[in-house]
Amino acid sequence: MSTRENPAPRGRGRSRSTPRVGPLASRAGTAPRLDTDALLADRAVEIIVCCGSGGVGKTTTSAALALRAAEQGRRVVVLTIDPARRLAQSMGLTELDNTPRPVKGVDTANGGSLDAMMLDMKRTFDEVVEAHATPEKAEQILANPFYQALSSSFAGTQEYMAMEKLGQLHQKARKKHEWDLIVVDTPPSRSALDFLDAPERLASFLDGRFIRLLLAPAKGPARLLTAGLSVVTRAMNRLLGTQMLRDAQAFVSAFDALFGGFRQRAEKTYRLLQADGTAFVVLAAPQADALREASYFVERLSVEKMPLSGLVMNRISENLVPELTATTAEAAAQRLSESGEHPLTAHLLHLHAERLGQLEHETHLLQRFTAAHPTVASVQVPALPTDVHDLDGLRHIGSLLAD
Ligand SMILES: Nc1ncnc2c1ncn2[C@@H]1O[C@H](COP(=O)(O)OP(=O)(O)O)[C@@H](O)[C@H]1O
Ligand SMILES: [Mg+2]
């Protein structure tokens, strides 16, 4: 897998993929269509990353893409981050053992397979420590309360560990040829950008000034402490408590040797995300803030030279009675409620008019996105009446994604 050398035009897929920008489509002002099945069939694609702001359907879409790819003949592993319980159960993700397990009920007639796992952030962190420190050092670190807090709750740890796990899976896929496609869900952060930013933030936290500040009193002779620094230390003591600060210092001393390793690993995975074999799929719901996030993310991918495949607009309202306009429906509802007859029909007509209003709003938002990113391929997935909690539901989403 080679790192891209020349920046690709924004919104285009990988350089090897067929352009998805039809001249007619762009002239008509509509977005080019994201060809999901072509993406899944492209053997050069080894990693698909599903990103987007919280609650837009990342986990569902990752699982649906993974299942569809597997049933079309690819050997897939999907890394989910926070699957809803019922969905997790349907994929056999009941054990949190941090390794991929085969999913039952997948049609393997085409020679594909599907393994799935759920990220255990703390365990992934522990494993990195164990793999890189001597047994005594590792034990010391793992037992440290500051480490325990950091590994289970520090903002950004989940993003970092998702990347770490992706790196591990990719290495395993390379070595053992167990999988030919890794589909990655991303953590439930408010902002999609956190996935790209958090690892660097965590790394600079771990090897940056904060750490040196903490280390200084532990390592250096007291006279080297400037008055300013001891003021800071005293303030932190008050804020965090003496024990906490001592734990942090002990952790940092023990962790020192791992810093370089951590940063290097994060950088390596970052390069993996820029490689030709990676495809980003950005998720958005038809809401102003979700689309704004998607916009930022699309721009950021372009800056980072990370290959974008397209945008999934998820949970779009559907027009169930296309021949009935909002005005007609509303007028009919009005007439019925004045006459006092058929109250249920009147209510339904009113709901239809309301839904059309919503649809118009969504269409407007989508058009705005498309106008700002005319070359970004996209696909729309309607809002289903129920949530997606089993393989059949995932298959259905998969077929809608490829529609
Ligand atoms: N197209 C859809 N129609 C109906 N429900 C959906 C759709 N996409 C996702 N959902 C539901 O929305 C909820 C959030 O989806 P999820 O994939 O967990 O979002 P995220 O991972 O981005 O937080 C889940 O209950 C899921 O079943
Ligand atoms: Mg999720």
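1. Helix α3 and strand β7 each supply at least two residues of the shell around ligand 1. The largest share, three residues, comes from α3. The shell has 17 residues, and those that come nearest to ligand 1 are K58, T59, T60, L384 and D387. By class, the shell is made up of seven nonpolar, seven polar and three charged residues.

2. The model is predicted, and its confidence should be read before its details. Mean pLDDT for the chain is 82, with 78% of residues at 70 or more. Confidence is highest in helix α2 (residues 36-41), at a mean of 98, and lowest in helix α1 (residues 23-27), at 37.

3. Over residues 1-28 pLDDT stays under 50, and the model has 50 contacts beyond four places in sequence for them. Over residues 218-227 pLDDT also stays under 50, and here the model has six such contacts.

4. Overall composition: the chain has 16 helices and eight strands. Of its 403 residues, 40% are buried. Among contacts between residues at least 6 apart in sequence, 78% join residues at least 24 apart.

5. Strand β4 (residues 113-118) can be described from both of its pairings. With strand β2 (residues 75-80) it pairs in the parallel sense over six bridges, and R75 stands opposite S113 in β4. With strand β3 (residues 101-102) the pairing is antiparallel, over two bridges; here P102 has D115 in β4 as its bridge partner. Five of the six residues of β4 are buried, so the strand is largely enclosed by the rest of the structure.

6. Another pairing in the sheet is that of strand β1 (residues 47-51) with strand β6 (residues 278-284). These two run parallel and are joined by five bridges. V49 has F280 in β6 as its bridge partner.

7. Which residues of helix α16 are buried? They are L391, L394, I397, G398 and L401. These residues cover an arc of only 120° around the axis, which puts them on the same side of α16. An α-helix has 3.6 residues a turn, so residues three or four places apart point the same way. The buried residues of α16 pack against α2, α3 (58-71), α4 (85-90), β7 and β8 (378-382).

8. The C-alpha atoms of D392 and G105 are separated by 9.8 Å, although the two residues are 287 residues apart along the chain.

9. Two residues call for a look at the backbone. K305 is not a glycine, yet has a positive phi of about 55°. K305 is found in the loop between α13 (288-303) and β7 (308-316). With 15 other C-beta atoms within 10 Å, K305 is partly exposed.

10. The other is R315, whose phi is near 60°, a positive value in a residue other than glycine. R315 lies in strand β7. R315 is buried, because 21 other C-beta atoms lie within 10 Å and 20 or more are needed to count as buried. K305, by contrast, is partly exposed.

Key. Residues are numbered from 1 along each chain as its sequence is written. Chains are lettered from A and ligands numbered from 1 in the order in which they are written. This is a predicted model: local features need pLDDT of at least 70, side-chain atom pairs count only at pLDDT 80 or more; totals for chains, interfaces and linings use all residues. pLDDT is the predictor's confidence in each residue, from 0 to 100. Helices (H or I, at least four residues) and strands (E, at least two) are DSSP runs, numbered from the N terminus. Two residues are in contact if their C-beta atoms, placed from the backbone, lie within 7 Å. A residue is buried if 20 or more other C-beta atoms lie within 10 Å of its own, exposed if 12 or fewer, and partly exposed in between; C-beta atoms are placed from the backbone. Two strands pair if DSSP finds at least two bridges between them. The arc is that of the directions from the helix axis to the C-beta atoms. A residue is near a molecule or strand if its C-beta atom, placed from the backbone, lies within 6 Å of it. Ala, Val, Leu, Ile, Met, Phe, Trp, Tyr, Cys and Pro count as nonpolar, Asp, Glu, Lys and Arg as charged, and the others, Gly among them, as polar.
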